[in-house]
Amino acid sequence: MAFSPNDQQHMARALQLAEQGLFTTDPNPRVGCVIVRAAEVVGEGWHQRAGEAHAEVNALRHAGTRAQGATAYVTLEPCCHHGRTPPCTDALIHAKVARVVAAMQDPNPKVAGHGLQQLRDAGIQVEVGLMETPARALNPGFIKRMQTGRPFVRNKLAMSLDGRTAMADGTSKWITSAAAREDVQRWRARSSAILTGVGTILMDDPSLTVRLAQEVVQPLRVIVDTYLSTPTKAKILQAPGQTLIMTCCEDQDALELLQDAGAQVVQLPRKGNFVNLDALLLKLGELHVNEVLLESGATLSGAMLQAGLVDEMLFYMAPLLLGDSARALYHLPLLQAMADRIELEFTDIRAVGVDWRITARVKARKN
């Protein structure tokens, strides 16, 4: 299907609008909409918060009666079911738009092409697939959760040029620059949950909160704690927002102490001597978690990576060397031969302050 340069221009603007909800729409997808009539933009909108109006409705309100006979450019197929808000398809039909251009079909089984068909049945011209790749990049977690029941996992690591994350005694403040640490705050802000291991809590006592001047929804904080070793006075339990402890320990006394300290404790099945990590991700999917930022030490990061549960890497590389005795990036004891290697695909490399940020997708393992 051929799209005109004007179509591309308006969809690019819709994608810009969608991105304005990057930190606030969770667990809903980020969606933008532009309404154009006779080559004039008459309405714009984006989804701002879950429970509030969707992008199409906001754009239609902006357009008013000028939406009649117009083209609506939307970054995701309009919804056709009643959730917290009425269907967007009804709003578009009622406004008498003539054409709808959607970047991609909604992966939500409740929609998944039905919204587009409903518009066609109402006599609206429907086209789909314009700028689908950047539209999908806006919502990797929502898409994956709808398709698999699991969130999208992004592993963040700060390292030296020789691939070390801390000195032998655990000292790691600060490997990277203030600019890199501020950049991490934005990745936290777009995440539904921040995942770490109890070892990081015991070593660093982090809060794992988002510290930005703009409005954000504080992500869920999740600790993998096999034996319920999290201190009741840990900073993470005092910070604003919710902390979830995932465990397979059945010590009722320890569980109640952590609950009294403000944590929610979830029992999961074991895999060997540890929490079943696949079951953990399925549980997070049930909790409507779209994107997970994994900020942990070498053991949990290595276990997640080796189990094939990491989708994307964020490496912050500092211009320094820490030496042979410093701590390694990952604990990967099962990689014994070249055939066992984990392959990555670099998708972005850029300077962040004096450091470099490398973004890489994890390639599917060959059987």
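## Exercises on strands and helices

Helices (H or I, at least four residues) and strands (E, at least two) are DSSP runs, numbered from the N terminus, and two strands pair if DSSP finds at least two bridges between them.

You are working with a predicted model, in which local features need pLDDT of at least 70 and side-chain atom pairs count only at pLDDT 80 or more, while totals for chains, interfaces and linings use all residues. Residues are numbered from 1 along each chain as its sequence is written, and side-chain values use heavy atoms, with hydrogens and water left out.

**Exercise: the sheet around β6**

Work out which strands pair with β6 and where β6 sits in the sheet order.

Solution. 
- Start with β14 (residues 291-294), which pairs with β6 (residues 152-159) in the parallel sense over 4 bridges. In this pair F152 stands opposite E291, and R154 has L293 as its bridge partner.
- Go on to β15 (residues 312-317), which is joined to β6 over 6 bridges, again in the parallel sense.
- Now place these strands in the open sheet of 9 strands, whose order is β11-β10-β9-β8-β14-β6-β15-β18-β17, with mixed pairing. At the edges stand β11 (264-267) and β17 (344-352), each with a single partner strand, so one side of each lacks a neighbour in the sheet. On average, neighbouring strands here are turned by 20° against each other, direction ignored.
- Finish with burial (under 20% relative accessible area, with a 1.4 Å probe and protein chains only; exposed is over 50%, partly exposed in between). By that rule 7 of the 8 residues of β6 are buried.

**Exercise: two helix pairs**

How do α2 and α3 pack, and how do α3 and α4 pack?

Solution. Two packed helices are described by the angle between their axes and the distance between the axes. Axes are lines fitted to C-alpha atoms, for helices over the stretch in contact, and angles run from 0 to 180 degrees between N-to-C directions.
- For α2 (residues 55-63) and α3, the angle is about 25° and the axes are 9 Å apart. The two are therefore roughly parallel (angles under 35 degrees; over 145 is roughly antiparallel, 65 to 115 roughly perpendicular, the rest oblique).
- The crossing of α2 past α3 is left-handed, that is, the near helix is turned anticlockwise from the far one by less than a right angle, and clockwise gives right-handed.
- In the contact (heavy atoms within 4.5 Å), E56, V57 and L60 of α2 meet C88, A91, L92 and A95 of α3. By class there are 6 nonpolar, no polar and 1 charged residues.
- For α3 (residues 88-95) and α4 (residues 114-121), the axes come within 10 Å and cross at roughly 20°. These helices are therefore roughly parallel too, but α3 passes α4 in a right-handed crossing.
- T89, D90, L92 and I93 of α3 make this contact with G115, Q118 and L119 of α4.

Is α2 largely enclosed or largely open, and what covers its buried residues?

Solution. 
- Count first: 7 of the 9 residues of α2 are buried, so the helix is largely enclosed by the rest of the structure.
- Among the buried residues are A55, N58 and A63.
- The cover includes β1 (32-37), β2 (40-46), β3 (71-74) and α3.

Technical notes: Ala, Val, Leu, Ile, Met, Phe, Trp, Tyr, Cys and Pro count as nonpolar, Asp, Glu, Lys and Arg as charged, and the others, Gly among them, as polar.
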